[in-house]
Amino acid sequence: MGAVGEVSEAEFQSSVSASLDRLNEHTLKTVHWHFSDETGSPFWLEKKAELNFDPLKDIGSFDDLKKFPHFEDEWLRGGPIRRWVPKGHANKPVYVFETGGTTGVPKSRMVIEDHWKDYELFSETLPEKYFPRGANWLMLGPSGPRRLRVAVEHLAQHRDGICFCIDLDPRWVVKLIKKGWMEHLEEYKKHCVDQAVTILTAGHDVKCMFATPKLLESLSEALEEKGTSLAEVGITGIFSGGTEFTSQWTRFCVEEMLGGPPEESGIYMTPTYGNTLMGLACSKPITAEDGYKIAYYAPQPRAATEVVTFDDYNQVVGYGETGRVKLYTLTDEFFVPGFMERDEGERERPIGSYPWDGVSGVRPFHELASATTVGVY
Amino acid sequence: MITLNPLRWGKQYESLEFNDVVHFDTGQPIARVGTVGGGIVAKDLRKADQARQALLEVPTDELIAMSKRAAELFENESLPVGDSMQSVDDFVHQQSASTGLPEHMCRSNMAKNSFVLSRMDEILQCLTRGLDLSILTNGYGDEGRGVTVSFQAQTPVLGAILPNNSPGVHTLWLPAIPLQIGLALKPGSQEPWTPYRMVSAFMQAGVPAAAFGLYPGGHDAGGAIMAKTPRSMIFGSAQTLAQHAGNPRVQAHGPGFSKIMLGDDIVDDWEQYLDVMVESVLSNSGRSCINCSGIWASRHTREIAAAIAEKIGPVDALPPTDPNSQLAAFTVPAMATGTWSMVQQDLAESGVTDMTAEYGDKLIERDHCAYLRPMVVHADSPERAVASKEYMFPFVSVVECPEAQMLRNIGPTLIGTVISANESLIHAASQCVEIDRLNIGPLATNRINWLQPHEGNIIEFLYRNRAYQIAPMPAS
């Protein structure tokens with residue numbers, strides 16, 4: 001690899017090495033927090049007894065996390081939710097966010113301030129020109145017991161703005177799709193998009209927004225039918241994510257929906273990859289020259305991703321090779337020592353702004369793809 | 001390997017995403033198909049009026065002549081398809097390789113599509129009952145009886161979600177072009193060949209390219225076509241039919257449950273009609289909605305079933321290039337195993353007999369595909385569940401049922417062949433609303449006269465006959 005941007009190869013390698021040191025140090029600290037009797041959560045302290053090693057002695061680096069069994073998201077179904085709250089955070093106000101749950105008991109994750117911190121970190125990646133401080137926001141995505149709705153509102157507030165939200169129940173959307181009630185699905189989408197159009201055309205100075213790809217498409221179409229556009233109603237910055245985000249969709253979005261790259265259209269769109277467990281991974285800037293390739297980088301060291309082989313989830317694939325996405329969450333609120341995501345992709349090299357591994361071409365894991373209802377909202 | 005790009009009102013679009021079309025038996029890729037999402041489809045369909053406008057600029061008689069030329073090109077010439085020139089043999093090999101259909105059946109479906117195109121003038125004459133086609137172009141006119149008639153186009157384009165494995169059904173959307181209605185097609189993921197080649201033939205024959213959209217993709221692309229075109233066709237299962245029942249925007253095509261009924265007056269001579277019955281069951285590997293899935297008679301049903309079994313029971317899987325090959329492969333093996341499980345449930349019912357049991361195993365599993373060999377089942381009563389079943393391979397139930405109860409019990413029947421000279425039975429069949437296409441006499445169910453409407457008249461689907469009155473304006 002040659003020089004990366006304005007950084008020399010040596011400086012870049014030093015930065016990669018430093019980030020690994022930081023991750024190792026952070027891992028050690030996080031493991032001690034979660035497995036110490038004074039600060040750990042009832043869940044992990046109980047789990048500790050089942051392990052054939054002592055996390056307090058035997059985990060010295062990020063790589064050592066492979067000693068843990070894979071995190072099973074089924075553990076998140078059902079209560080008591082308090083068992084996940086670290087003793088070190090006792091008496092603090094606790095949020096609970098849910099994921100899944102179209103039928104049966106949803107998976108729940110407790111959060112204290114992680115969602116604020118994650119989005120404050122994400123905020124630093126947003127270009128000021130297109131996401132100006134003080135601008136108001138629109139949140140056009142899943143609401144209810146979901147982290148995203150509260151997190152986006154916090155992002156807006158953190159950037160001195162006010163966030164307008166609409167209601168969207170993704171579980172009902174999944175049910176509509178499974179029942180084949182496509183007309184109802186269209187009507188529900190329209191119901192949500194109509195509310196967004198109303199807000200955007202009501203003089204609230206909304207310049208920034210979150211939207212899922214499908215809702216962004218519908219919103220753009222609805223505005224076009226009214227003879228206006230995202231640019232004309234004042235949108236300059238969009239962050240999007242939540243469903244399958246492909247290079248082809250990004251190309252369509254940039255070239256046809258938004259009217260060109262930011263310098264031509266005046267709108268900057270950035271893809272994100274995240275979930276309730278991890279938080280938010282950012283994409284390096286997308287460009288036509290790069291074939292609209294989307295490469296995500298986790299907010300290390302608070303979370304990390306690996307791309308691992310399909311037959312050995314402890315074996316990382318080579319750069320550019322395909323594997324399943326493995327996720328680690330390492331905050332003082334929540335500890336996930338290796339969770340197998342329902343996605344696959346290609347391992348990406350570190351880059352200047354993210355001197356650690358990334359993942360590109362994220363798509364549903366091929367062995368699970370047929371059973372997954374994607375593109376739901 | 002051929003690459004097929006999406007076509008956006010006549011312009012190829014180089015997508016960043018591709019699906020591979022693979023050989024049914026080896027799993028090797030034979031084509032790359034660029035795909036698009038619903039957003040692109042929706043964006044294009046906002047300009048659908050331009051597709052119709054482009055066609056309105058060409059008189060219908062010229063479009064009909066172009067259709068005839070397209071028929072010739074489609075069936076006999078090399079054509080630009082995707083990034084390659086495709087010969088007729090290429091087309092046949094490719095279609096057979098991805099659908100599992102024997103090559104001679106691909107050629108026969110090709111001829112069927114070409115035939116419909118080549119007879120477009122007669123077909124439109126018959127479907128419109130002789131209407132001057134300029135009335136469709138202008139929206140109104142005088143048929144010569146001194147009364148203004150009006151036919152208003154209900155959509156600028158016809159959307160269609162095309163099937164994966166039935167190359168014969170494409171005849172249904174072909175009349176749209178000479179009717180000056182554009183096309184927004186989602187090709188089947190395993191059978192993109194016919195729509196791509198047909199659209200190429202139309203364009204080479206002079207039809208404006210701006211009239212055509214080809215949108216390969218997932219459910220998202222199909223959903224956008226259905227949602228954004230005021231008139232669309234979809235091909236699918238019984239569940240698909242139920243989902244769109246009563247929706248005037250959608251013409252859904254699915255299982256046909258086509259049947260042959262033998263009247264009491266001729267049933268003792270059933271052997272005379274054996275060839276008609278065999279052809280109806282076995283043609284096109286039993287895949288079509290027009291294949292016969294039920295033969296109903298009041299007596300001799302066991303002998304009839306045994307005689308058909310003797311003819312089709314020995315049919316085995318042969319290489320698709322073999323001119324004697326009668327069986328198409330299931331390109332998704334799970335479909336064959338699932339179907340086989342359902343058949344086994346049918347056979348478990350008392351009163352149901354597998355008349356092909358002695359002809360060996362029915363399910364043949366290969367590495368990448370599977371086959372189901374022909375089956376004839378005898379049902380001693382219309383009450384048996386198998387009497388109303390249809391599967392995607394040569395499968396027929398021979399059902400014992402008194403003549404007087406047949407029409408009450410047959411259920412939905414796309415093609416009903418009534419072999420009888422009994423006027424009262426013929427009259428009752430003519431009145432029976434369960435039957436869509438009625439054949440009186442020894443006509444195989446798969447022998448379709450294209451001069452007659454099929455599952456609804458496409459003219460009535462695309463155009464609305466309405467009042468249009470004109471009064472002279474007072475002189476100023």
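Predicted model: local features only at pLDDT ≥ 70, side-chain atom pairs only at ≥ 80, totals over all residues.
## The annotated domain of chain B

In the UniProt record, an unreviewed entry, the feature "domain: Aldehyde dehydrogenase" is placed at residues 21-430 of chain B.

## Overall form of chain B

Chain B as a whole has 16 helices and 24 strands, and its C-alpha atoms fill a box of roughly 80 × 55 × 35 Å when this is taken along the principal axes. For a chain of 476 residues, a compact globule would have a radius of gyration near 23 Å, and because chain B has 23 Å, its value agrees with that expectation.

## Helices α3 and α5 of chain B

Two packed helices are described by the angle between their axes and the distance between the axes. Helix α3 of chain B, residues 60-76, and helix α5 of chain B, residues 103-118, have axes that come within 7 Å and cross at roughly 165°. Since angles over 145 degrees count as roughly antiparallel, α3(B) and α5(B) are therefore roughly antiparallel to each other, and α3(B) passes α5(B) in a left-handed crossing.

On the α3(B) side the contact is made by B:Ser67, B:Lys68, B:Ala70, B:Ala71, B:Phe74 and B:Glu75, which meet B:Met110, B:Ala111, B:Asn113, B:Ser114, B:Leu117 and B:Ser118 in α5(B). The residues of this contact divide into six nonpolar, four polar and two charged.

## Helices α1 and α9 of chain B

In another pair, helix α1 of chain B, residues 38-45, packs with helix α9 of chain B, residues 219-228, at an angle of about 25°, and their axes are 7 Å apart. Angles under 35 degrees count as roughly parallel, so α1(B) and α9(B) are roughly parallel to each other, and the crossing in which α1(B) passes α9(B) is right-handed.

Here B:Gly38, B:Val41, B:Ala42 and B:Leu45 in α1(B) meet residues of α9(B), namely B:Asp220, B:Ala221, B:Gly223, B:Ala224, B:Ile225 and B:Lys228. By type, the residues of the contact of α1(B) with α9(B) comprise six nonpolar, two polar and two charged.

## Where chain A touches chain B

The contact between the chains takes 16 residues from chain A and 12 residues from chain B. On the side of chain A that touches chain B, at least two residues each are supplied by α7 (182-200), α8 (213-225) and α9 (247-257) of chain A, and the largest share, seven residues, comes from α9(A). The residues of this side of chain A divide into five nonpolar, six polar and five charged.

Conventions:
Residues numbered from 1 in each chain as written. Chains lettered and ligands numbered in written order. Axes fitted to C-alpha atoms, helices over the stretch in contact; angles between N-to-C directions. Helix = DSSP H or I, 4+ residues; strand = E, 2+ residues; numbered from the N terminus. Parallel < 35°, antiparallel > 145°, perpendicular 65-115°, else oblique. Left-handed = near helix turned anticlockwise from the far one by under 90°. Contact = placed C-beta atoms within 7 Å. Nonpolar A, V, L, I, M, F, W, Y, C, P; charged D, E, K, R; others polar. UniProt positions renumbered as here; feature names shortened; annotations may be inferred. Rg over C-alpha atoms; globule rule 2.2 N^0.38 Å.
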